[in-house]
Amino acid sequence: MRLLAALLTIVATATPAAAKAKAKPAANPKAKLPKRSAQSCLDALDALKVPWKPGEAKVGVDIPVEIDAPIGGITFKTWKKGKGLYVDCSLAYSLARSAKFFADEGVTTLFYSGTYERRNVRGTDHPSKHSYALAIDVHEFESDAFHYTVADDYEQGLGDEVDCIGSPLTAGGKTLRTIFCRLQRSELYKHILTPDYDADHWNHFHIEARPWSERTDLGDALSAQAAKTVQRGATTATGDSAAKARSAKPRSTQGSPKR
Ligand SMILES: [Zn+2]
């Protein structure tokens, strides 16, 4: 009888625990987040008073916008004729938020070579972020008093992890390095590549934003959720980008989507 009572006690205490385990499955780190809407990016541009208009729909570009007036007091000029700044909204948002970094150095105008171009990163088979209009190549920085070029004025090898700016020898070197450090530390961008990165970037800054739907710097609930996922899935980042590159390939061979 005592044995039966003991068995019954074990069964009675074990059952709720088992039921609890069934009712609460382990969190799936690969669970997909709800996608942040394109409209929320356009609303963010409005809030920052960015003079945008809808950009032409092009293959690879999620939220195309065109801007042909200064952003935060900074004019964007290109050597290509008759075009406004054509970028994904996510990059436009970052440029608007970081316009102050240029303005604080006295810069009024940036000269860039390109934003959108369907191509792979040189020497690889994965698409450059220019294929999504998420990157801009900036070559020259102008104010009323100076006209600095990355080719002539950027001083390589400056700074370290503690002191990003280091000890530039020239005023141009200091200006360009200060702008780089502020862009780099802002978390508004995925990459800022300079002549320090490789020989392909000898004459420009490659300034690249994350897709709007993947951003974790926006201070909203979705960003907080995404940041947790990024932490949990940190080791799978390479696999994710490889998967993205694979999934992007068929689009370029099938031509433009119908819209
Ligand atoms: Zn680039």
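**View 1. Where α2 meets α3.** On the α2 side of this contact sit Ala38, Cys41, Leu42, Ala44 and Leu45, and they meet Cys89, Ser90, Ala92, Tyr93 and Ala96 of α3. Sort the residues of this α2–α3 contact by class and you get 9 nonpolar, 1 polar and no charged. Bear in mind for this view and the others that the model is predicted.

**View 2. How α2 and α3 line up.** Helix α2 covers residues 38-47 and helix α3 covers residues 89-103; their axes come within 9 Å and cross at roughly 25 degrees. Angles under 35 degrees count as roughly parallel, and α2 and α3 are therefore roughly parallel to each other. As for handedness, α2 passes α3 in a left-handed crossing.

**View 3. α3 against α5.** Helix α5 (residues 171-185) packs with α3 at an angle of about 155 degrees, and the two axes are 9 Å apart. Anything over 145 degrees counts as roughly antiparallel, so that is the label for α3 and α5. Here α3 passes α5 in a right-handed crossing. Who makes the contact? From α3 it's Ser98, Phe101 and Phe102, and from α5 it's Ile179, Arg182 and Leu183. By class, this α3–α5 contact has 4 nonpolar, 1 polar and 1 charged residues.

**View 4. The open sheet.** Three strands make up this one: an open sheet of 3 strands, in the order β1-β2-β4, with antiparallel pairing. Which strands stand at the edges? They are β1 (52-54) and β4 (85-88), each with a single partner strand, so one side of each has no neighbour in the sheet. Ignoring direction, neighbouring strands of this sheet are turned by 35 degrees against each other on average.

**View 5. Zooming in on β2 and β4.** Strand β2 takes in residues 64-67 and runs antiparallel to β4, with 4 bridges joining the two. One place to look is Pro64, whose bridge partner in β4 is Asp88.

Methods
Residues are numbered from 1 along each chain as its sequence is written. This is a predicted model: local features need pLDDT of at least 70, side-chain atom pairs count only at pLDDT 80 or more; totals for chains, interfaces and linings use all residues. Axes are lines fitted to C-alpha atoms, for helices over the stretch in contact, and angles run from 0 to 180 degrees between N-to-C directions. Angles under 35 degrees count as roughly parallel, over 145 as roughly antiparallel, 65 to 115 as roughly perpendicular and the rest as oblique. A crossing is left-handed if the near helix is turned anticlockwise from the far one by less than a right angle, and right-handed if clockwise. Two residues are in contact if their C-beta atoms, placed from the backbone, lie within 7 Å. Ala, Val, Leu, Ile, Met, Phe, Trp, Tyr, Cys and Pro count as nonpolar, Asp, Glu, Lys and Arg as charged, and the others, Gly among them, as polar. Two strands pair if DSSP finds at least two bridges between them.
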